[in-house]
Amino acid sequence: MLSVVIVTESEFPMSFDPTHFRQVLGQYPTGVVVVTALDAEGAALGMTVGSFTSVSLDPPLVAFLPDQGSRSWRALRESGHRFCINVLDASQEDVCRAVAVRKQDKFADIAWRPAPSGLPVIEGAVAWMDCVTEQVHEAGDHHIVVGRVNDLQLGEGTQPLLFFRGGYGSFTPLSLAAGGSDLLDHLRRIDLVRDQIESLAARFDTEVTAIVRVRDELVLAAAVGRTELAVAPTRVGQRLPFLPPLGSCFAAWGDAALQRAWTDAVAGQVGEEFAESVRCTPELVRRRGFAIAVGHQLGEHLEAITIRVNEGDPQLPGSALREAMWHAADGYNPDEITGPAELRLLTAPVFDAAGGVAFTLTLWGAPGLLEPEEIAERVEALRATTSQASASLARSTAGCPQSAAG
Ligand SMILES: Cc1cc2nc3c(=O)[nH]c(=O)nc-3n(C[C@H](O)[C@H](O)[C@H](O)COP(=O)(O)O)c2cc1C
């Protein structure tokens with residue numbers, strides 16, 4: 001049985017001022033939604049809300065908490081018993097502000113379309129939920145509005161807008177790690193050197209990804225920072241076959257059998273010139289100490305196909321991934337770079353205590369062209385990080401505390 005304890009104000013008088021309350025509560029980040037409805041004339045009306053939450057799966061319930069004194073909330077209530085929750089995208093701060101101000105025609109500059117029920121769905125939102133009001137509870141100076149979800153869809157947006165300490169931002173997968181039981185040991189090792197990976201990503205204001213090899217697959221196990229080059233908002237968890245041109249560092253520092261498995265994988269499937277360049281790649285990468293890929297278009301195409309493969313897109317022909325990989329191979333490990341180049345990525349190995357490749361770190365490039373000196377600076381920083389990380393892994397296996405070992 002549910003028991004309810006009612007605490008009176010005289011028992012617990014407020015011992016802090018509202019500013020302090022707001023400041024402390026502001027440490028908790030929220031997403032931002034716009035609750036929409038239609039007025040009697042069929043015009044859109046709405047309210048910006050951070051206090052949205054999902055409540056129950058069965059029945060499907062969500063809730064938000066409007067200020068009892070809010071005019072927007074009054075207008076929503078007067079419009080009837082239906083409302084639509086629109087989860088704003090990080091690019092929609094202007095929509096958030098336009099709806100949050102006290103004015104008549106808030107939607108004058110906001111593009112929206114009707115949901116099947118007719119309620120306004122804001123163009124570009126990350127998701128929307130069409131609801132019927134189930135309950136309105138009193139809670140201090142606010143109401144708790146519980147809505148039953150009738151219909152819901154993902155929208156065009158991909159990155160939700162976040163509100164934190166009075167400011168706006170978006171979600172950065174600072175230290176995201178993939179799930180999956182086959183990754184646990186790998187993730188433990190990546191975690192040991194996470195600070196080093198974070199410093200590298202911050203220095204070049206880009207993304208650094210850690211890739212592991214699990215049998216015949218490469219798995220993007222963790223990512224730090226963010227790059228404008230990424231096609232997907234987060235790539236953590238993506239899996240790709242361990243085939244040329246991908247994973248050349250694993251082949252380069254792997255044993256003879258692994259190297260052969262990698263180079264032979266293309267035999268008979270591609271032209272002799274390509275097969276020959278694949279045969280030479282492990283030696284080239286090992287001599288250089290890193291792998292490199294150039295050409296944004298080639299890389300974007302491969303990533304777009306990868307996303308579809310990982311999402312299990314049934315429309316994608318079975319051969320599409322291999323074709324995209326062979327196609328992208330043109331940009332991987334060119335013999336030399338003499339002029340400005342579109343740097344897609346640089347990858348170098350991190351070794352475990354036994355000298356095997358524990359995982360690789362990929363430093364993502366930058367949009368447009370980079371001068372050879374800029375690429376060299378990145379290579380040097382990546383290699384310094386991977387050496388430092390390898391040393392940390394060796395120390396941790398030997399049981400030395402990292403601080404004592406310097
Ligand atoms: C990011 C953000 C989150 C907000 N969250 C809430 C909320 O959860 N509940 C609420 O009553 N007002 C919230 N507001 C304030 C309302 O959107 C709106 O600004 C306020 O209600 C304006 O007063 P009016 O409704 O009387 O016009 C939020 C505003 C912003 C910018």
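Which backbone N or O atom lies 2.7 Å from an oxygen atom of the ligand? In this predicted model, the atom in question belongs to alanine 100, whose backbone places an N or O atom at that distance from the ligand oxygen. A further backbone N or O atom, from leucine 65, lies 2.9 Å from a nitrogen atom of the ligand, while in the side chain of serine 70 an N or O atom is 2.6 Å from an oxygen atom of the ligand. Taken alone, the ligand exposes 620 Å², of which the protein buries 79%.

The shell around the ligand comprises 16 residues, and those that come nearest are Thr48, Ser51, Asp67, Ser70 and Ser72. By class, this shell divides into 7 nonpolar, 6 polar and 3 charged residues. Strand 3 and helix 2 each supply at least two residues of the shell, and strand 3 gives the most, with 3 residues.

The ligand sits in the largest pocket of the model, the volume of which is about 1600 Å³. A total of 43 residues line this pocket, and Met47, Thr48, Val49, Asp67 and His142 lie nearest its centre; Thr48 and Asp67 also belong to the residues that come nearest to the ligand. Several elements of secondary structure contribute to the lining of the largest pocket, with at least two residues supplied by each of helix 1 (18-25), strand 1 (30-31), strand 3 (44-49), helix 2 (71-79) and helix 3 (93-100). The lining of the largest pocket consists of 20 nonpolar, 12 polar and 11 charged residues.

The second largest pocket has a volume of about 330 Å³. It is lined by 17 residues, of which Ser277, Thr281, Ala329, Tyr332 and Asn333 are the closest to its centre. Helix 8, spanning residues 272-288, provides the largest share of the lining of the second largest pocket, namely 7 residues. When the lining of the second largest pocket is divided by class, 11 residues are nonpolar, 3 are polar and 3 are charged.

Technical notes: Residues numbered from 1 in each chain as written. Predicted model: local features only at pLDDT ≥ 70, side-chain atom pairs only at ≥ 80, totals over all residues. Heavy atoms only, no water. 1 Å grid on protein atoms, 1.4 Å probe; cavity = no way out; pocket = protein on both sides within 12 Å on 5 of 7 lines; lining within 4 Å. Points joined across faces, edges and corners; volume = space filled by probe spheres on them. Helix = DSSP H or I, 4+ residues; strand = E, 2+ residues; numbered from the N terminus. Nonpolar A, V, L, I, M, F, W, Y, C, P; charged D, E, K, R; others polar. Near = heavy atom within 4 Å. Polar contact = N/O pair within 3.5 Å; in protein donor to acceptor, adjacent residues only side chain to side chain. Areas by Shrake-Rupley, 256 points an atom, 1.4 Å probe, with all protein chains shown as cover. Sits in = over half its atoms within 2 Å of the grid points.
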